[in-house]
Amino acid sequence: MVDYHAANNQHSSGGPPTYMEQENDWDRDLLLDPAWEKQQRKTFTAWCNSHLRKAGTQIENIEEDFRDGLKLMLLLEVISGDRLPKPERGKMRVHKINNVNKALDFIASKGVKLVSIGAEEIVDGNAKMTLGMIWTIILRFAIQDISVEETSAKEGLLLWCQRKTAPYKNVNVQNFHISWKDGLAFNALIHRHRPELIDYDKLRKDDAVTNLNNAFEVAEKYLDIPKMLDAEDIVGTLRPDEKAIMTYVSCFYHAFSGAQKAETAANRICKVLAVNQENEHLMEDYEKLASDLLEWIRRTIPWLENRTPEKTMAEMQQKLEDFRDYRRVHKPPKVQEKCQLEINFNTLQTKLRLSNRPAFMPSEGRMVSDINGAWHTLEGAEKGYEEWLLNEIRRLERLDHLAEKFRQKAAIHESWTDGKEAMLTQKDYETASLSEVKALLRKHEAFESDLAAHQDRVEQIAAIAQELNELDYYDSPSVNARCQKICDQWDSLGALTQSRRESLERTEKQLESIDELYLEYAKRAAPFNNWMEGAMEDLQDMFIVHNIEEIQGLITAHEQFKSTLPEANKERQAIQAIQAEVQKIAQYNGIKLSGTNPYTTITPESIDSKWEQAQQLVPQRDQALQEELSKQQSNDHLRRKFATQANIVGPWIQTKMEEIGRISIEMNGTLEDQLTNLREYEQSIIEYKPNIDQLEGDHQLIQEALIFDNKYTAYTMEHLRVGWEQLLTTIARTINEIENQILTRDAKGISQEQLHEYRASFNHFDKDHSGALMAEEFKACLISLGYDVENDKQGDAEFARIMGIVDPNNSGAVTFQAFIDFMSRETTDTDTADQVIASFKILAGDKNFITADELRRELPPDQAEYCIARMAPYTGPDGTPGALDYMSFSTALYGESDL
């Protein structure tokens with residue numbers, strides 16, 4: 001036979017242990033202590049009888065009653081539930097040895113190495129070996145299977161005792177001998193599970209005998225634990241026998257194991273329900289925030305799509321100011337809400353994946369994609385509304401200019417046509433002399449020349465009226481009426497002119513005398529007068545320019561006009577000389593003039609008067625052009641100022657976006673380091689906000705100055721706003737991804753090295769650095785990791801299953817978060833519906849249903865009511881009134897049925 005003590009040390013030598021070896025602290029010298037041997041004999045005998053009585057028998061003397069092997073085999077059948085070979089009933093020594101060997105073989109078949117124990121010693125009644133054998137049986141069948149928080153056997157039993165007695169004063173369980181000597185630990189175990197049986201507060205630490213007797217008697221009377229020791233056995237020794245105490249305590253453990261299982265089951269259910277309640281709260285928060293944001297967008301878009309024009313510039317400027325308030329005050333909080341909504345959604349999905357729950361599907365119309373679509377529509381409406389406002393302001397400015405121009409030209413024309421109809425309808429030629437008729441004919445020719453010169457003005461008036469109508473001028477009816485009156489009058493003047501010419505030509509043969517000087521005066525004075533009127537009209541003409549080049553063009557044209565004034569003055573002097581010649585000839589020949597030129601109404605005085613007016617208008621025009629030049633120079637300064645800052649901010653935003661994209665795929669440091677760096681990076685971006693605000697201020701000055709273009713930069717304020725908002729959203733989303741990776745790592749127990757390995761694999765196949773793997777890239781990654789997803793029927797089916805996990809929305813791309821979720825799910829364990837069902841079954845006492853009273857007794861109040869409110873009534877044939885179906889409830893928690 002192998003030495004018993006040497007074999008006990010095999011477990012600690014390194015190799016894989018058998019199911020159970022004899023405890024390595026067994027020291028057969030200890031059995032020589034009469035007190036300890038007495039305690040073991042009494043305890044082991046009581047323990048054996050607690051099982052043998054189930055078969056209707058018992059033992060009196062442990063080393064004598066097991067000698068024939070019959071009761072030993074019976075004991076093993078009772079505690080194991082297995083059938084042993086049929087015993088031999090003979091009385092001879094060989095029969096007894098054979099029976100004991102059958103028992104020892106059965107013990108060995110259960111993974112126990114029997115060292116130094118032989119059948120002959122048991123048959124011979126060797127007390128030491130018999131007690132050692134019984135201790136081996138107790139270890140295997142009563143202690144070895146005890147498991148508490150990843151510890152088992154002796155350590156597990158000790159940890160269980162420590163956990164249960166921790167709240168009790170004067171109890172400090174550190175071992176299975178001295179810690180139990182005062183009896184308080186036994187009483188604490190009973191009180192912890194059955195407080196009604198023990199009045200713990202009345203026990204005294206210095207009265208060990210009373211404490212021990214109280215615990216042993218209560219255990220025997222109410223817990224069906226036989227009295228295995230006497231109080232004096234324990235108190236009377238310096239150190240009670242450890243194996244005796246362990247055997248006794250193991251009976252308490254098995255007596256209360258049902259309660260332990262219920263407590264474990266309740267803890268598991270509480271944990272699952274707490275996760276579910278938190279997820280439901282997050283879902284409700286998302287739904288409310290999404291509804292509020294969509295409602296705000298729904299109310300805002302009609303306002304942005306309203307294209308009702310205003311009649312005046314001031315009213316349109318107020319609309320533009322309202323739009324700026326919307327951009328500065330009302331929209332930014334909504335941008336933050338949208339960003340927070342996406343972060344909450346991603347966090348919720350991560351928590352659902354970590355808790356093995358189905359992905360959250362928002363109610364119809366409230367998906368993140370729906371919100372992004374509505375937001376895109378909102379931004380499109382914003383852009384359209386701003387463009388419409390600016391176009392309307394340009395249109396109204398153009399309308400005001402055209403209307404004023406129309407009024408000026410119409411007033412000049414109406415002033416010119418005043419009295420012309422009366423002049424054309426008079427019959428003065430009927431009584432005139434020949435010379436007078438010829439004068440009238442020449443005068444009429446001069447009028448026709450004047451009439452033709454005014455044709456362009458009438459066409460300009462009609463063209464301006466037409467343009468006002470096309471631009472939807474609010475006072476178009478009065479403009480049209482005035483234009484129509486001018487056109488009708490013009491047609492009438494044409495007809496009357498033709499009629500008077502015909503009348504004069506009929507009498508022309510009778511009229512021969514003509515005053516050449518008057519005629520020459522009239523012919524030269526009329527176009528010169530028209531030129532002066534045109535010049536005066538041009539000098540008073542309003543102008544609109546948008547840049548320095550246009551105003552400089554007007555200044556150049558004005559300078560060219562001024563250069564023609566000397567020649568015009570010569571023409572004026574020549575015309576005045578004609579009139580002077582008329583006066584000279586009349587005086588020389590004694591001719592009495594009628595006082596007026598018969599061929600024209602244009603007098604030398606009127607020519608001089610208009611010339612003086614034109615001379616006064618020239619410096620006024622100079623001043624107006626110079627003022628406009630200063631204004632355009634100021635506008636050009638505003639353009640340059642905005643462009644300088646925009647050309648800095650635009651590339652800065654682009655650079656930051658590229659840096660964030662690079663950071664998101666690099667693996668520098670731990671996730672916490674990356675999160676800290678990203679938050680510092682986010683703070684540096686937020687600190688850049690004053691530069692955006694400065695640009696907003698410059699942009700407002702540009703809009704107030706009605707500047708609509710900027711050749712110094714390709715960036716518009718709209719581009720920069722969108723870029724800034726995308727930058728803030730991108731950094732927030734990147735931080736959220738790192739936080740979700742931390743959640744995944746901590747929940748799944750993934751090491752930093754594993755995360756780096758996952759990231760390296762992901763980055764290797766992310767060829768375009770987009771932060772997501774397309775389907776073929778993901779397949780290549782899986783193949784590199786050893787997954788059988790080759791291009792065959794079985795591989796395609798497996799790949800489709802995996803894609804259903806990592807891409808439930810069928811987007812065609814796999815994010816890094818979904819990738820590590822999948823990898824962590826493949827390598828770690830999570831709660832399942834079957835585990836929760838098993839936990840509920842324990843609480844229900846192995847029934848297929850559970851009652852409200854049982855839930856309220858085993859679970860915290862809020863979680864018990866949560867289950868009662870959501871569990872369907874149990875409809876099975878074995879149900880009772882009020883029975884609840886915990887199986888359908890558990891599967892619903894994991895998305896396998898409807899809750």
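Contact here means heavy atoms within 4.5 Å. With that in hand, here's a quick tour of a predicted model, in which local features need pLDDT of at least 70, side-chain atom pairs count only at pLDDT 80 or more, and totals for chains, interfaces and linings use all residues. Residues are numbered from 1 along each chain as its sequence is written, and side-chain values use heavy atoms, with hydrogens and water left out. Helices (H or I, at least four residues) and strands (E, at least two) are DSSP runs, numbered from the N terminus.

**How helix pairs are described**

- Two packed helices are described by the angle between their axes and the distance between those axes.
- The axes are lines fitted to C-alpha atoms, for helices over the stretch in contact, and the angles run from 0 to 180 degrees between N-to-C directions.
- Angles under 35 degrees count as roughly parallel, over 145 as roughly antiparallel, 65 to 115 as roughly perpendicular and the rest as oblique.
- As for handedness, a crossing is left-handed if the near helix is turned anticlockwise from the far one by less than a right angle, and right-handed if clockwise.
- For residue classes, Ala, Val, Leu, Ile, Met, Phe, Trp, Tyr, Cys and Pro count as nonpolar, Asp, Glu, Lys and Arg as charged, and the others, Gly among them, as polar.

**H4 against H7**

- Helix H4 (residues 70-80) and helix H7 (residues 127-143) have axes that come within 11 Å and cross at roughly 10°, which means H4 is roughly parallel to H7.
- On the H4 side, Leu72, Leu76, Ile79 and Ser80 do the touching, and they meet Met133, Ile137 and Phe141 in H7.
- Sort the residues of this H4 to H7 contact by class and you get 6 nonpolar, 1 polar and no charged.

**H13 against H14**

- Helix H13 (residues 313-354) packs on helix H14 (residues 368-417) at an angle of about 165°, their axes being 11 Å apart.
- H13 and H14 are therefore roughly antiparallel to each other, and H13 passes H14 in a left-handed crossing.
- The contact of H13 with H14 splits into 17 nonpolar, 2 polar and 12 charged residues.

**H30 against H33**

- For helix H30 (residues 833-843) and helix H33 (residues 886-893), the axes come within 9 Å and cross at roughly 150°, so the two helices are roughly antiparallel.
- The crossing of H30 past H33 is right-handed.
- Ala833, Val836, Ile837, Phe840 and Lys841 of H30 meet Tyr886, Met887, Phe889, Ser890 and Thr891 of H33.
- That H30 to H33 contact has 7 nonpolar, 2 polar and 1 charged residues.

**Cysteines**

- Searching the whole structure for disulfides (a pair of cysteine sulfur atoms within 2.5 Å) turns up 0.
- Cys339 is buried, at a relative accessible area of 10%; the cut-offs are under 20% relative accessible area for buried, over 50% for exposed and in between for partly exposed (1.4 Å probe, protein chains only).
- Cys781 also counts as buried, with 0% relative accessibility.

**Loop residues**

- Leu706 has a phi near 60°, a positive value in a residue other than glycine.
- You'll find Leu706 in the loop between helix H24 (689-704) and helix H25 (717-748), where its 23% relative accessibility makes it partly exposed.
- Asp846 has a positive phi too, near 70°, and is likewise a residue other than glycine.
- Asp846 sits in the loop between H30 and helix H31 (852-858) and is exposed, with a relative accessible area of 60%.
- Pro87 is in the loop between H4 and helix H5 (93-109) and is partly exposed at 24% relative accessible area.
- Leaving out residues up to four places away in sequence, Pro87 touches Leu70, Met73, Asn99 and Lys102.
- From Pro87 to Met73 it's 14 residues in sequence and 7.9 Å in space, C-alpha to C-alpha.

**Two residues within helices**

- Ala119 belongs to helix H6 (residues 119-123) and is buried, at 2% relative accessibility.
- Not counting residues up to four places away in sequence, Ala119 touches Ile97, Val100, Asn101 and Leu104.
- Ala119 and Asn740 are 621 residues apart in sequence, and their C-alpha atoms are 64 Å apart in space.
- Leu294 is part of helix H12 (residues 242-305).
- Setting aside neighbours within four places in sequence, Leu294 is in contact with Gly365, Arg366, Ile371 and Ala374.
- Between the C-alpha atoms of Leu294 and Ala359, 65 residues apart along the chain, the separation is 22 Å.
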